[in-house]
Amino acid sequence: MVHNKSRLEYKAQAIKNFADSFSKAPDTNINRQGLFSSQTQIFQDQITKLRNPTPPSLTSSTKEVPETLFDATAEVKILTSTVAMHLEEGIKKKLFSQIDSLHDFDEWDPEDKPLQKASYKSFLRTFLYLRPAKHPGLGLSHTGNIVAVWMTGSNKLTAEFIANDHVKWVISTQNEDGELERVFGNTKIGRFIDSVQPYSPELFFK
Amino acid sequence: MHKGANLPDEHHILRYIPKSKLFVDEDGEPIEPLVPVPQAFELRPNEESLSVHWVEYDGNDLTKAIQLFRLSRDKIGAKSIFAKAKVLDLKTKSSPITKAIKIVWAPSNSNPAHSVIKHIPEDPSLSTILAEEIFTELIRNSEIPVLKV
């Protein structure tokens, strides 16, 4: 058993040495131009790229706006698809239509951030828990947080979903004298329903 | 009038709102009547004041004012809107939250009518009041004709 293990270790070391010789190659022109064929050099470059990938932080800063919007759209759609089996029929399509519309390149303000996955995750978790009969209107903040609104007559519940399961909400209602009254809250999504409970949330969600 | 001067109370300002800051319905269309996201009236993380456009900079012509704004931007979405407010209304209606707000002329290289709302507090109720009670006249960009320069 010990003997077998040492043989494996020997093989692993040999493979590592072979791979290391490729990674050292870019610094030695003799190796590149003298010892390897052009085909091998291309192969070597590809291996080097795989071993030293460009960090996402560098690639994202050079992205064009359409690419950034496409990536953000894909990211949140994939996230939606992973929980689609828990959504009522047709909800996924509605959410996708809204995301596509909010990320419309022809309408996009380049100073804004596209929808952030962390904010959308907070929204989606709340949505799955609430299962509102009434589908919300959706919009974005400057920083890419998703903002949902439920309206009934002149009354409105607005909620901005923030990373790490936070939500900032506002309920605007018109009193008997026609004056607007507002209540504000800032809580974790697990406490969202409890927080809005005194203000008849069923008026908005059903 | 000099740079940094307060805009007259009877004058008006516009806040540009792209489509992504209008609530859209389940078909992806802006909800009718249009409803701006209150966060459209919040400062961006790197901003100290809220950018607006002074309507009466060059006479009292809304079309001309919007045309001037368009010239200052590379791109303006067809479905974007302008939210209009009167300077006096802004001061009066925001006074229960803050009395420090100032609306001043701050021309930029690309936009001579550029102005700013200064001393906006970090109070989430203000953006809601701005959206629901102050910037209530909404003008669709598509409804304002393109003037020939």
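Modeller: B:His119 sits in the loop between E5 and H3 of chain B. This is a predicted model, and in it the phi of B:His119 is near 60°, a positive value in a residue that is not glycine. Most residues other than glycine have a negative phi, and most peptide bonds are trans.

E5 of chain B covers residues 114-118 and runs antiparallel to strand E2, residues 50-54 of chain B, with four bridges joining the two. One of the residues in this pairing is B:His53, whose bridge partner in E5(B) is B:His114. Both strands belong to an open sheet of six strands in chain B, in the order E4-E5-E2-E1-E3-E6, with antiparallel pairing. The edges of the sheet are strand E4 (102-105) and strand E6 (137-140), each of which pairs on one side only. On average, neighbouring strands of this sheet are turned by 35° against each other, direction ignored. Helix H2, residues 87-94 of chain B, lies across E1, E3 (81-86), E4 and E5, and runs at about 75° to E3(B).

B:Pro33 is in the loop between E1 and E2 of chain B, and the peptide bond from B:Glu32 to B:Pro33 is cis, with omega near -10°.

Chain B and chain A bury about 2800 Å² between them, 54% of it on carbon and sulfur atoms. The contact involves 35 residues of chain B and 34 residues of chain A. There are eleven salt bridges between the two chains; one of them joins the side chains of A:Glu111 and B:Arg73, at 4.0 Å from N to O. Polar contacts between chain B and chain A number 23 residue pairs, with both residues at pLDDT 80 or more. On the side of chain B that touches chain A, strand E1 (12-17) and helix H3 (124-134) each supply at least two residues. H3(B) gives the most to that side, with six residues. By type, the residues on the side of chain B that touches chain A divide into 15 nonpolar, seven polar and 13 charged.

A:Asp165 lies in the loop between strand E3 (155-162) and strand E4 (166-174) of chain A. These two strands form a hairpin with three residues between them, and A:Asn164 in the turn has a positive phi of about 60°.

E4(A) and strand E5, residues 180-188 of chain A, pair in the antiparallel sense over nine bridges. They too form a hairpin, with five residues between them, and A:Gly178 in the turn has a positive phi of about 80°.

How values were computed
Residues numbered from 1 in each chain as written. Chains lettered and ligands numbered in written order. Predicted model: local features only at pLDDT ≥ 70, side-chain atom pairs only at ≥ 80, totals over all residues. Heavy atoms only, no water. Contact = heavy atoms within 4.5 Å. Buried area = accessible area lost by both parts, 1.4 Å probe. Polar contact = N/O pair within 3.5 Å; in protein donor to acceptor, adjacent residues only side chain to side chain. Nonpolar A, V, L, I, M, F, W, Y, C, P; charged D, E, K, R; others polar. Pairing = 2+ DSSP bridges. Axes fitted to C-alpha atoms, helices over the stretch in contact; angles between N-to-C directions.
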